[in-house]
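These are my notebook entries on one protein chain. I record what I looked up, entry by entry.

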Amino acid sequence: MEGTGSGSRALFPKGPSFTLEDFSNKDFIVRDFVDSLAENAVSQNRRSGTAQQAFDPKPLIRAFENALEGLGSLAEELQEKESELLTQARRAEIQHDQTLDTLGRKLDQSINQFEALDITLNNPNTNDRGSRGEAGGNIAVQIGEKLEELDRKRRRALDANFLIHCWLQVSETGELTSLQDIQRQGGSENKVRCAVIAHQLMRISQRLDPASWNQTNGHQKNGTTNGVNGTESSHNTREILEKFCETLEQDLLKQFNNSYRKQNFDDMMECAKVLHDFNGGASVIAVFVNQHQFFIDRDQLITDEVTMDGETWDQLADPDAEPPGVEPSLQSLIDEVRIIMQEESFIIKRAFPYYETVLIKFIQRIFQQSVQQRLEMVLEKASTISSLAFLRSLHSSRTYIGALIEDLKSHGLTEHPEPCSAQIAQTLDQQMEELFVPYIMGNSYIDREKRSLEELFNSLLFRYNIYHSRRKKAPTGFMASLAQRTNQLMESAKDAYLERLESSDLTPTQKAMMLRVARVQETDNNKNEIEVSEEEGYLTTANAKRMMTWLAESVRRTLELGSPSDTPKDVAILLNLLMMHMGQVYIETALEAAHERATSQENVKTEPDMSYLPSIRPAVTITSIMSRFISTVLIRLAESNTTVRRSMEAQSKLGIEAIEKKTNSVMKSTMDVIINWVTKSLAQQKKLDFLPKDELDLVESLQTSTCTSICLFLSRCTNMLNQSIDGQNLEVFCSELALAIQRLLFEHFKKFKVNATGGLMVTKDIAKYVATLKEWPLSKDVEIAVELLTEIGYLFIIGPEALRERGRNLATGTGGSTKKLGKADFKGFIQSRDDARSVGVQSVLSGL
């Protein structure tokens with residue numbers, strides 16, 4: 001932008017001039033442009049006037065007017081250029097659209113021409129456009145198939161040519177140069193090709209060179225064998241080919257081992273594929289499994305002794321101690337197997353295309369070699385300790401190995417993290433079964449359990465059986481005939497214990513255990529003559545609990561070790577063992593002893609000894625425990641076999657009923673003992689006890705001596721009964737006994753003459769009897785009947801008018817079976833009064 005020159009001054013100077021380039025510059029600022037216009041106008045005005053002038057706006061107005069004129073001309077110029085450019089753009093767009101239309105038409109023409117040509121080539125007789133794509137695809141597929149067939153024929157021809165060439169080499173020169181060249185090239189495909197060609201050459205040799213195989217394929221006629229012209233080779237082709245195959249196999253196996261050490265799974269996979277095509281993969285599987293470091297290390301450790309210490313073995317043989325668990329060396333092996341299987345399954349999956357077959361071989365080798373050998377060592381050691389130690393070791397080993405099997409199944413092995421395949425799961429189950437079949441097949445296992453329990457039961461009951469075998473038995477009687485089988489079983493159990501104790505195959509640990517359980521010393525020479533106390537012939541729930549604990553442990557082992565189909569039969573055997581030893585030998589023997597003592601006390605002259613009664617309560621308790629265990633455990637385990645279950649139910653029912661019958665017999669004899677003694681004691685009542693001459697005798701004694709002795713006896717019986725039975729059984733027994741005593745007392749007081757003072761004695765005696773009987777748990781009816789006794793005392797002390805009043809409220813029959821006093825009893829008691837012949841009493845009697 002330029003101003004006017006200062007040399008030639010005009011009257012009206014021109015404004016500033018500028019062009020489009022001034023405004024096109026990126027540094028252009030509008031404010032600077034306006035400031036420059038104003039500065040130029042002001043500076044010109046200052047040059048033309050004096051130094052001190054007032055502000056004059058005219059120069060600025062002229063400068064801005066000139067600038068506006070210049071800007072207007074520039075705007076017109078820009079408008080012309082914009083119009084020209086718009087015109088050119090419209091022309092270019094029209095030309096572009098025309099070009100696109102032309103190109104589109106040409107493209108459509110080309111496509112139509114191509115489709116027409118395609119239709120003409122593929123299906124010249126079809127004009128349907130919808131079938132063009134399908135027809136073109138068919139032609140392409142046909143061409144591809146023909147090309148593939150030609151390629152296969154070409155390959156077969158090349159392979160046949162190469163095979164004939166190799167055969168001519170081996171048969172004429174005895175060498176396999178061409179095949180060895182392929183082998184040296186390396187690579188999986190070349191190794192597979194070598195293996196295939198070697199197999200084909202072996203078949204050709206077998207057919208064309210039978211002499212090298214030491215056999216002919218048929219009868220040779222005119223130099224022809226089975227229609228094939230045989231050639232007599234100067235080289236043994238069979239031997240040459242077998243050597244080559246062996247060398248090829250050894251090279252592949254060596255390469256596989258090297259790759260395994262380097263963890264080169266891809267190369268291992270290639271070698272495994274080649275060897276699988278070569279001989280089914282048997283050799284590479286054998287190398288992988290047999291040369292595994294786990295088997296090498298374990299072979300060195302297989303001769304190690306079982307590591308469990310002596311204290312643990314003693315605990316294992318102790319029936320009252322908790323089993324210590326699996327043997328440590330076997331546990332260590334199983335834990336290592338778990339880790340090895342999980343790690344190696346990952347390698348097998350990546351190294352073998354047929355990984356399931358390899359994994360199955362690996363599993364079989366681990367279980368059949370390492371696990372089985374260690375398991376046999378542990379069980380052999382346990383069998384030298386005791387039969388119980390063997391059973392516990394077998395159970396703990398089976399449980400721990402079973403947990404291993406389930407862990408491997410859930411881990412999945414080659415299918416991790418998914419569960420393992422059905423084939424692998426079946427193999428694991430099969431290996432588990434084969435490990436323990438020798439120990440649980442047939443009846444061998446349950447027979448071991450039975451012998452072990454018999455030894456424990458016989459040991460525990462030895463001193464008990466000794467005591468009862470020496471007990472004096474009643475020579476005759478119905479219960480003696482019933483007890484004959486029990487006595488035989490008891491003697492048999494005692495003799496079996498002594499015989500087993502002297503057996504030569506009894507281990508020292510087991511012998512010590514049997515002596516400890518039986519509480520017998522080794523120093524006792526004649527163990528059949530040892531001293532036993534009376535307490536050792538009593539039933540105890542502690543012994544019963546020990547027996548039930550041993551049996552429950554045996555049932556648990558039977559469930560986990562035995563076959564589910566054999567479980568009903570096995571628990572039936574255990575039930576028979578329980579009913580015989582606990583039911584017959586233990587409980588019934590004690591009940592028979594109690595019954596014998598009860599019957600021996602029925603007619604004694606001194607006060608009967610009721611000390612046998614406390615043995616009833618443990619018998620009832622033990623029977624209840626046994627019955628509950630049978631119904632809730634044993635019979636439920638036999639539900640799968642209806643026949644066996646019904647047989648067990650019948651057997652247990654008969655056994656429980658036999659115990660109940662013997663218990664009832666003891667209690668019936670006890671009642672007879674008490675009633676007989678009360679009857680005998682009442683017979684000792686003096687005739688003058690209720691006819692005292694003065695009241696001094698009444699003051700000196702509260703009751704008669706007979707009443708006192710009977711009540712003391714009944715109190716002692718109450719203590720014994722409370723120790724023997726309880727609950728409903730005690731109430732029924734006491735109620736029946738109280739009724740019997742009530743009837744005895746009714747008849748007893750009819751036999752004596754009673755005066756007025758003696759009536760008070762009768763009242764005191766009856767009050768004592770009633771108080772003693774009411775200490776028992778009685779039913780309501782029996783309690784009312786006992787209260788009826790108090791009426792007797794009043795009948796001896798009240799006057800005729802009161803008697804007449806009481807006579808109006810009587811029941812028919814005897815008073816012992818009703819809630820009211822009967823007329824017959826009322827009359828009997830009135831006639832026993834010493835004033836029975838008086839007018840007032842006679843009037844009462846006549847009024848009845």
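Entry 1. Terms and source.
I call a residue buried when its relative accessible area is under 20%, exposed when it is over 50%, and partly exposed in between (1.4 Å probe, protein chains only). I note that this is a predicted model, in which local features need pLDDT of at least 70 and side-chain atom pairs count only at pLDDT 80 or more, while totals for chains, interfaces and linings use all residues. Residues are numbered from 1 along each chain as its sequence is written, and side-chain values use heavy atoms, with hydrogens and water left out.

Entry 2. Cysteines.
I looked up C271 and found a relative accessibility of 2%, so C271 counts as buried. C717 is buried as well, with a relative accessible area of 1%. I then searched for disulfides, that is, pairs of cysteine sulfur atoms within 2.5 Å. The structure holds 0 of them.

Entry 3. The whole chain.
I counted helices and strands as DSSP runs, numbered from the N terminus (helices are H or I, at least four residues; strands are E, at least two). The chain has 33 helices and 2 strands. Of its 848 residues, 41% count as buried. I took contact to mean heavy atoms within 4.5 Å. Among contacts in the chain with a separation of 6 or more, residues 24 or more positions apart account for 75%.

Entry 4. Helix α20.
Which residues of helix α20 (residues 508–518) are buried? I listed Q510, M513, M514, L515, V517 and A518. Just after α20, R519 takes a positive phi of about 60 degrees.

Entry 5. R833.
I located R833 in the loop between α32 (823–831) and α33 (839–847). Is R833 buried or exposed? Its relative accessible area is 6%, so R833 is buried. Leaving aside neighbours within four places in sequence, I found R833 in contact with K753, V754, L795, F796, I797, I798, L803 and V841. For one of these, I798, I also checked the backbone oxygen, which lies 2.8 Å from a polar atom of the R833 side chain. For a polar contact I required a pair of N or O atoms within 3.5 Å; within protein, one must be able to donate a hydrogen and the other to accept it, and residues adjacent in sequence count only if both atoms are side-chain atoms.

Entry 6. Salt bridges.
I counted a salt bridge where a side-chain nitrogen of Lys or Arg is within 4 Å of a carboxyl oxygen of Asp or Glu. How many salt bridges does this rule give? The count comes to 31.

I examined D151 and R155, whose side chains meet in a salt bridge at 3.2 Å, N to O. The two residues are 4 apart in helix α4 (residues 132–172), and therefore about one helical turn separates them. D151 has 32% relative accessibility, so it counts as partly exposed.

I next examined R546 and D320, which form a salt bridge through their side chains at 2.6 Å, N to O. This pair links distant parts of the chain, 226 residues apart: R546 is in helix α21 (residues 541–561), and D320 is in the loop between α11 (310–317) and α12 (328–351). R546 is partly exposed, at 23% relative accessible area, and D320 is partly exposed at 39%. I also noted a network of salt bridges that links D318, D320, R516 and R546.

K409 lies in helix α14 (residues 387–411) and D429 in helix α15 (residues 422–440), so the pair ties together parts that are 20 residues apart in sequence. K409 counts as buried at 17% relative accessibility, whereas D429 counts as partly exposed at 36%.

Entry 7. Aromatic rings.
I paired rings of Phe, Tyr and Trp (its six-membered ring) if their centres lie within 6.5 Å; planes under 30 degrees apart count as stacked, over 60 as edge-to-face and the rest as tilted. The structure holds 12 aromatic pairs. I looked at F288 and F352, which form an edge-to-face pair, 5.4 Å centre to centre with 75 degrees between the planes. F288 is in helix α9 (residues 282–290) and F352 in the loop between α12 and α13 (355–383), 64 residues apart. Both F288 and F352 are buried. I found them in one aromatic cluster formed by F256, Y260, F288, F352, Y354 and F362.
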